[in-house]
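The sequence and structure are shown first.

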Amino acid sequence: MGSIASGAAVYNIPIDSKEYLGAKVEYKRNFILDPSLEIELPEKGYGIVTASILLPNGSLMELGTFSGQDKIKISYSQLTKAMKLWGSYLKSAKLDSRAVSASLLLLGTLRDENNNVQYFIKAVPINVGEVLDKRSIQVKLPRGSSKILYTKNQIEEKLKSIELQKIKGNNISATTENWPPSFDYDQCYWKCDPWTGSCYQVCLVWKLEKTIVSKSNTIIPLVALQVTGDTSKINGITITTMYRQRTTQSLELIFSAAAAVQKGGSSSSTEAEIIGTSYSINTEDLTIPESHITIWGSEISNPSVIGAGIKGTVVLAKYRLYWWDGLVYQKLDDVAYVILGKPDEEDMSLQKFVEHGWPSQYGGIGERTMWFVHSYWEPTTHESQQGD
């Protein structure tokens, strides 16, 4: 047995390792063991993670909800199903499956050593070809990247108000692995009935509530400008993109993922950030042209949102936090909005857009982008000049 265990360890050999905004992704070759996908949590403690994968058409495929201590294993069979769809898509686009890494979206809650509830939202690119070749994958989320959602005292108060309801339809999908957790005091939270004395465990779980926008063949803004004032004085605005390879090796072009969390559903308690990588593509396998566009003053009115981007697919999804004991749930007010996107790999040329009106969540892609920025970010600098 000792030699077999030793051999298993020896034959799990790292073959590639990359880092994306602090998240480390390592691929390992398997000779004996079945392939696995393991997530190392950003803090020590008991965690629950809801995992989804971005599909080529812009939809999100849920892999399931998984739990564990310090580390969590995600269903590799579910991941493989998603990557087979990617493989077919890339083959039709005449692209090597190793050239593209699709976003693995992780929304998690974590009970830390001080009994506070922390949350984390991370998007990590997983290489399509490596999964199809059945490589084991280890993802190490950056230390300190989780944030406190509820303190120990706040959790104790919230536990008192739980009134769990029966699940209606498919609002909550069943957890596929490592659930329910073993019932000890290190995992989740105990809810006790003061009248009967009966107790059960409840956990905090993020679940996809709805996909607000999923649009293909649209423009992913690379730059968006809000124009107001006397637009008759504008002659023209030219925007140019240039992709330059800095080394003789292949270079990845990375698209970021963004998220905004509203604690208690209040926009006054919003935390917004770039959560990682939505999509990456190897430029060695693509022709990315230098291109430029001009928006003439005659095309612009007061106010307008203008800009330039590349064709692709964008998805805006809304997640919600639930109390859950594995059978029944209670909806909480905490919500998270996540934006993911991918380009049209066959056409990376610059496209312009001009949308008349103020930023709005109901307008065009530029207006919605600017609305999201205004809602969840504050400006860091103000600059002004005249005559140019």
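## The largest cavity

The model is predicted. In the lining of its largest cavity, β7 provides the largest share, with 3 residues. The elements that contribute two or more residues to this lining are β4 (46–54), β7 (100–111) and β13. The volume of the largest cavity is about 70 Å³, and a search of the whole structure finds 2 cavities of 30 Å³ or more.

The residues lining the largest cavity are Tyr46, Ile48, Thr109, Leu110, Arg111, Val117, Cys188, Tyr189, Cys203 and Leu204. Sorted by class, this lining comprises 8 nonpolar residues, 1 polar residue and 1 charged residue.

## The largest pocket

The largest pocket has a volume of about 1,000 Å³. It is lined by 35 residues, of which Pro221, Ala258, Ile339, Thr369 and Phe372 are the closest to its centre. The classes in the pocket lining are 27 nonpolar, 5 polar and 3 charged residues.

Which elements each supply at least two residues of the lining of the largest pocket? They are the strands β13 (199–227), β15 (252–262), β16 (270–282), β18 (304–324) and β19 (328–343), together with the helix α5 (365–376).

Technical notes
Residues are numbered from 1 along each chain as its sequence is written. This is a predicted model: local features need pLDDT of at least 70, side-chain atom pairs count only at pLDDT 80 or more; totals for chains, interfaces and linings use all residues. Side-chain values use heavy atoms; hydrogens and water are left out. On a 1 Å grid over the protein atoms alone, a cavity is a set of points where a 1.4 Å probe fits but cannot get out, and a pocket is an open set with protein on both sides within 12 Å along at least five of seven lines; lining residues have an atom within 4 Å of a point. Grid points are joined across faces, edges and corners, and a volume is the space filled by probe spheres set on the points. Helices (H or I, at least four residues) and strands (E, at least two) are DSSP runs, numbered from the N terminus. Ala, Val, Leu, Ile, Met, Phe, Trp, Tyr, Cys and Pro count as nonpolar, Asp, Glu, Lys and Arg as charged, and the others, Gly among them, as polar.
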